[in-house]
Amino acid sequence: MPSKPPTSVIPSNPPKQTTLSLGELPPRPQHFTHSPGKQPRTPSRIDPNNPPWPAYRGYHEFSFAHATMGHRLPTILGKAIDDVVRTLNEQSDEDRIVDLVEAISRMQDLMVDLTGNTKLRPIIDDGEGDIPLWNKEIAQFFQGKDFMNAPWLFAEAYKYRRLHECFSISKYWKEYDVFFRQKCDTFSRSSKAVFELSTRFAKPWETPAKGLDEAKQTEAVRLMFHELTQVCLWGNSTDLSLLINMTEEDIKKLQSTGGDHLAATEKNILGNDLPRLWETVKRIGAKPDGRIDFVLDNAGFELYCDCVYADWLIQSGLAKQIRFHGKRFAWFVSDVTRKDWDWLLNTMIYGQLFPEASDEEMDTLRLLGNRWKQYERDGKWIYEQHPFWCTGYTYWDLATEAPDVFLHLSKSDLVIFKGDLNHRKLTYDCEAPPATPFPIAIGPMASLPGAPPVCSLRTIKSDVVVGIPEEVADRLNRDEDGWKISGKYAVVLLSDGRPGEKVMFGALGRGAFQY
Ligand SMILES: O=P(O)(O)OC[C@@]1(O)O[C@H](CO)[C@@H](O)[C@@H]1O
């Protein structure tokens, strides 16, 4: 406690009120108003169990975290067991059968752990590159934690890693993907939207008529960019983990890619940086070696939309190279693995998934598939998979836990993160006020030297929401139950990053980030 000043220094006639003149200070930002008491945690005190704002945890009753941990994940695991039993019944070799029976028994143990809410144990060393990351994080931050009281994001990711472990320690089934059948099936049930796109985009894209002046040509390209970015965005609304109860009609509605539908849905983009994204992409187009990265989300129809978009970015010259980042193993049901990538391109060329399609329609699909494979051969498209993407860490820890990935991404001109899970990982999946500016919400991914421009294309399917006006969130909270999990709303958010600055890892630590 500071001691009181001696009475002799107190002015005899003190002013009643001190008035500060703030005319020279920067104006108070209009968009960053959050409720008192919701200040973020001090950067040096942030860690995976203590995100910048309060974490969502499974024990929060009536939350989506609770519904997921208590209901969705056991349902998903039950369906996965059914899939493996089906595979088992198709086997003839005894060694392979016995090996698979043991994997099923491990899945049943996982079901007991999940539904019985046991403590999180280390992952068994199966030789995968992510093992040290998992077990370090568990030891440092989650000792004694269980499925329900660990942050939802970590507990959920942990469940998918444990599911992979059921197979990775087997002899014959290391690479088995319990969700592969479902992923293929949903693509084959998306025929209307698949052909709607292939018939429009199979023919090589022609630059707008030479007769147009430059401004009109640019405008034509901008309009195309605007629509295709939305195709790519809304392609995310049909991930399998939420489609448990959807009818074919529901899926078709979600996948409609026509212009009217897009115009109607643009008003559902609650935080919309599309105009700034266009300025960024235009600058990339002017570079001789402009590179765009996609951190992928779902396989099947969403991946197909991503590829249509990436194809056009290459053809229009807006990007010279595109790098796609997928997962090393089955992840959050429908995430893209190398096998899903190969499957999509090959099925488009050789598959017979759409018996009702016309020859012309099938030709358009083959044309696209062949063009995309050629991009791979030419090095214009590159598919990559790093172990970091299947860990429990959020992207606030990307630079510290996977410096090689951060350095690699820092060389990109734009990194597009697709989908809800990537958005949760970018924003630490915590209760940030909805008006939190995106660059603040993604912390080090925006503020570290060398951070690339980052864009999140996400249909909103879980609790964390940032980058939208507070009054919009208030209105939806009041009027529309479930607006955060319906997939009806979306955000297109952009952080400019600090591109071109030298990446310096020496200065990094958990407290290196400043708000
Ligand atoms: O990442 P995606 O496919 O857009 O969405 C994944 C999702 O459906 O599953 C996760 C939780 O179970 C949530 O992040 C989200 O609701």
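Hi everyone. A quick definition to start: when I say "domain" today, the bounds come from an automatic or database domain assignment. For this protein chain, that assignment gives domain 1, residues 42–168, and domain 2, residues 180–507. Please keep in mind that this is a predicted model.

Let's look at how the two domains meet. Their C-alpha centres lie 26 Å apart, and the contact takes 35 residues from domain 1 and 36 residues from domain 2. About 3,200 Å² is buried between domain 1 and domain 2, with carbon and sulfur atoms giving 66% of that area. On the domain 1 side, Trp-53, Tyr-56 and Leu-153 supply 25% of the area buried against domain 2, more than any other three residues.

Now for the ligand. Which domains does its shell draw on? Domain 1 and domain 2 each provide at least three residues. In total, 16 residues surround the ligand, and the closest are Arg-72, Glu-156, Asp-420, Leu-421 and Lys-461. By class, you'll find seven charged, five polar and four nonpolar residues in that shell.

In terms of helices, α1 (64–88), α4 (152–168) and α16 (419–426) each supply at least two shell residues. The largest share, four residues, comes from α16.

A backbone N or O atom of Leu-421 sits 2.8 Å from a ligand oxygen.

Thanks, folks!

Definitions and conventions
Residues numbered from 1 in each chain as written. Predicted model: local features only at pLDDT ≥ 70, side-chain atom pairs only at ≥ 80, totals over all residues. Heavy atoms only, no water. Near = heavy atom within 4 Å. Polar contact = N/O pair within 3.5 Å; in protein donor to acceptor, adjacent residues only side chain to side chain. Nonpolar A, V, L, I, M, F, W, Y, C, P; charged D, E, K, R; others polar. Contact = heavy atoms within 4.5 Å. Buried area = accessible area lost by both parts, 1.4 Å probe.
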